[in-house]
There are 2 protein chains.
Amino acid sequence: MDQSVPEASREAASSEPCDVAATLYVCVTCLAGEDRETAPRAGRRLHDALADAQRRQDEPPRFRIVEAECLSNCNRGCSVALTGPGRWSYVYGDLNETSVDDLLAGASRYAATTDGLVPWRERPAIFRKGVIARIPPSI
Amino acid sequence: MDQSVPEASREAASSEPCDVAATLYVCVTCLAGEDRETAPRAGRRLHDALADAQRRQDEPPRFRIVEAECLSNCNRGCSVALTGPGRWSYVYGDLNETSVDDLLAGASRYAATTDGLVPWRERPAIFRKGVIARIPPSI
């Protein structure tokens, strides 16, 4: 739950700024059921694994990876959110470090759209099974 | 689930266009556990009750109410999403027609912020208990 989060948005850019239109937010505070004292937390481990894997890719990134503190999906963490101007935004849960390759592929597919709507059959299984909610583009 | 939704965003403005910065999307396709043949659907009834109640208010609306088709929160519908430029976006579930007054009050509080972050104690109970997920503002 996000009641302990300060009123100001505290997410910080995690990957280098680049000319990309989509953002993958990763909840770095998520415990995913682990003990509160676990360090680094499950969400942090997922974020760092994603950032490392993106840096190892040959092609330029199509989306930025950004830390977020609590996406209010604590019962089904780890959690990420995909968003971008003019696009539907999606929150996905039930993620862990084994999800990294599929997450990068799915986020790239999302970033390649103009509206955020990737055809159902082209979404990775972690997106089809782990969708928590979606929000229409701002109008 | 949203796999049956056409690729184009099909939401339509439901309340009159107005100079407001926040939007309350209401999933009008939600069945909320009712029979698929029920008409109007639970989400449609919630949307129409919200729009009617907003029209009856004396003060000018601080947010627009807009129809959406599936917010991918089918297990905990009815669902709404609150969003606006520069703001955290929120998805809420477990809603029905008895939620109308609290929804309007909570959305007005949200619209009065610049970042979407309403202090926890000032959020209506339906928001504290029914939060499904949230997404940071676009960067």
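**Reading the helices and rings**

Guide: Helix H1(B) passes helix H2(B) in a right-handed crossing. A crossing is right-handed if the near helix is turned clockwise from the far one by less than a right angle, and left-handed if anticlockwise. Helices (H or I, at least four residues) and strands (E, at least two) are DSSP runs, numbered from the N terminus. This is a predicted model, in which local features need pLDDT of at least 70, side-chain atom pairs count only at pLDDT 80 or more, and totals for chains, interfaces and linings use all residues. Residues are numbered from 1 along each chain as its sequence is written, chains are lettered from A and ligands numbered from 1 in the order in which they are written, and side-chain values use heavy atoms, with hydrogens and water left out.

Visitor: At what angle do the axes of H1 and H2 of chain B cross?

Guide: Two packed helices are described by the angle between their axes and the distance between the axes. Here H1 (residues 42–56) and H2 (residues 100–111) of chain B cross at roughly 65 degrees, and their axes come within 10 Å. The axes are lines fitted to C-alpha atoms, for helices over the stretch in contact, and angles run from 0 to 180 degrees between N-to-C directions.

Visitor: Which residues of H1(B) and H2(B) make the contact?

Guide: From H1(B) come Leu46(B), Ala49(B), Leu50(B), Ala53(B) and Gln54(B), and from H2(B) come Val100(B), Leu103(B) and Leu104(B). Contact means heavy atoms within 4.5 Å. These residues divide into 7 nonpolar, 1 polar and no charged. Ala, Val, Leu, Ile, Met, Phe, Trp, Tyr, Cys and Pro count as nonpolar, Asp, Glu, Lys and Arg as charged, and the others, Gly among them, as polar.

Visitor: How many helices and strands does chain A have?

Guide: Chain A has 3 helices and 5 strands, and from the N terminus on its elements run β-α-β-β-β-α-α-β. Of its 139 residues, 53% count as buried. Buried means under 20% relative accessible area, exposed over 50%, and partly exposed in between (1.4 Å probe, protein chains only).

Visitor: How many aromatic pairs does a search of the whole structure find?

Guide: A pair of aromatic rings is described by the distance of the centres and the angle of the planes. The search finds 6 such pairs over all chains. Rings of Phe, Tyr and Trp (its six-membered ring) pair if their centres lie within 6.5 Å; planes under 30 degrees apart count as stacked, over 60 as edge-to-face and the rest as tilted. Tyr90(A) and Tyr92(A) are stacked, at 5.9 Å centre to centre and 5 degrees between the planes.

Visitor: Which ring also pairs with that of Tyr92(A)?

Guide: The ring of Phe127(A) has its centre 3.8 Å from that of Tyr92(A), with the planes at 5 degrees, so the pair is stacked. The pair links distant parts of the chain: Tyr92(A) is in strand E4 (residues 89–92) and Phe127(A) in helix H3 (residues 125–130) of chain A, 35 residues apart.

Visitor: Is Phe127(A) buried or exposed?

Guide: Phe127(A) counts as buried because its relative accessibility is 4%. Tyr90(A) is buried at 1%, and Tyr92(A) is buried at 2%. Tyr90(A), Tyr92(A), Tyr110(A) and Phe127(A) form one aromatic cluster.

Visitor: Where does Pro40(A) lie?

Guide: Pro40(A) lies in the loop between strand E1 (22–27) and H1 of chain A. The peptide bond from Ala39(A) to Pro40(A) is cis, with omega near -10 degrees.
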